[in-house]
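Take a look at the structure first.

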Amino acid sequence: MHDHIQVVVMSYGQPMTRQLQEWLRDNKLNWRYGPSGYGIDLARNQIVNQFLREDVSRGKTHLLGIDDDMIPIRETRHILRGNEEFAYCGYCGRHGSRGHIGDGDFGAACFRVSAHLLRHLIKPYWKTTSVNDARIECECEYFRKRAEAKGFTAKMVGIIGHRQNCVLVPSKDAPGYVVVWDEELEAKHGQQLPTISAAATRPEFAGQGNPVAV
Ligand SMILES: [Zn+2]
């Protein structure tokens, strides 16, 4: 049913989410992992190169790229249907950031493109632009602009979940906790979070220094 689609899972070196494994299996998709151990844009370029080099001659007309930390939901199924040249599912970004959502705001974490579109593009397909180590443009925007310049418009056909690790620290304020993103824990270490101090709840800890341990 989806024989024309080659799925490539973008690996960040972590186990694929259970929901993505089930989605690949339940939809009987042809899939493989992309290369890992490279920068994101380099890995995405290699995924496209391999698709054009090896899969198109085997009858695959569309590449479906999906990141290993994505969680397909009911509204994700549309990425498997339709015959748009350039489709994607919207998703939230890291640490609760906006991510890529809404028509035209293409994101590379779950997308489907045709070989026809890819053949119109000149390498590199993906490129992350940084100035002084600060990322000013993600590889998704670079790809979208290049595709748009060739007359292809990205269509958001669904949405998808994005797994993020967070730590809940008890707080005296509603809803009773503060959210600290896993990767931000060290940066926040030493900052006073609005937590319930151990001294406030356990008199025996009073006077034992900073009660906040996150
Ligand atoms: Zn992006």
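Six strands form an open sheet in the order 2-1-3-6-5-9, with mixed pairing (strands are DSSP E runs of at least two residues and helices are H or I runs of at least four, numbered from the N terminus; two strands pair if DSSP finds at least two bridges between them). Strand 2 (30-33) and strand 9 (155-159) sit at the edges with a single partner strand each, so one side of each has no neighbour in the sheet. From one strand to the next, the twist averages 20°.

This is a predicted model, where local features need pLDDT of at least 70, side-chain atom pairs count only at pLDDT 80 or more, and totals for chains, interfaces and linings use all residues. Residues are numbered from 1 along each chain as its sequence is written.

**Within the sheet**
- Strands 5 and 6 run antiparallel, joined by three bridges.
- Tyr88 has Phe111 in strand 6 as its bridge partner.

**Whole chain**
- The protein chain has six helices and twelve strands.
- Of its 214 residues, 27% count as buried (20 or more other C-beta atoms within 10 Å of a residue's own; exposed is 12 or fewer, partly exposed in between, with C-beta atoms placed from the backbone).

**Arg94**
- Arg94 is in the loop between strand 5 (86-90) and strand 6 (110-114).
- Arg94 counts as exposed because it has 11 C-beta neighbours inside 10 Å.
- Its C-alpha is 9.0 Å from that of Trp181, 87 residues apart along the chain.

**His116**
- His116 belongs to helix 3 (residues 115-120).
- With 13 other C-beta atoms within 10 Å, His116 is partly exposed.
- His116 and His62 are 54 residues apart in sequence, but 8.5 Å apart C-alpha to C-alpha.

Methods: Axes are lines fitted to C-alpha atoms, for helices over the stretch in contact, and angles run from 0 to 180 degrees between N-to-C directions.
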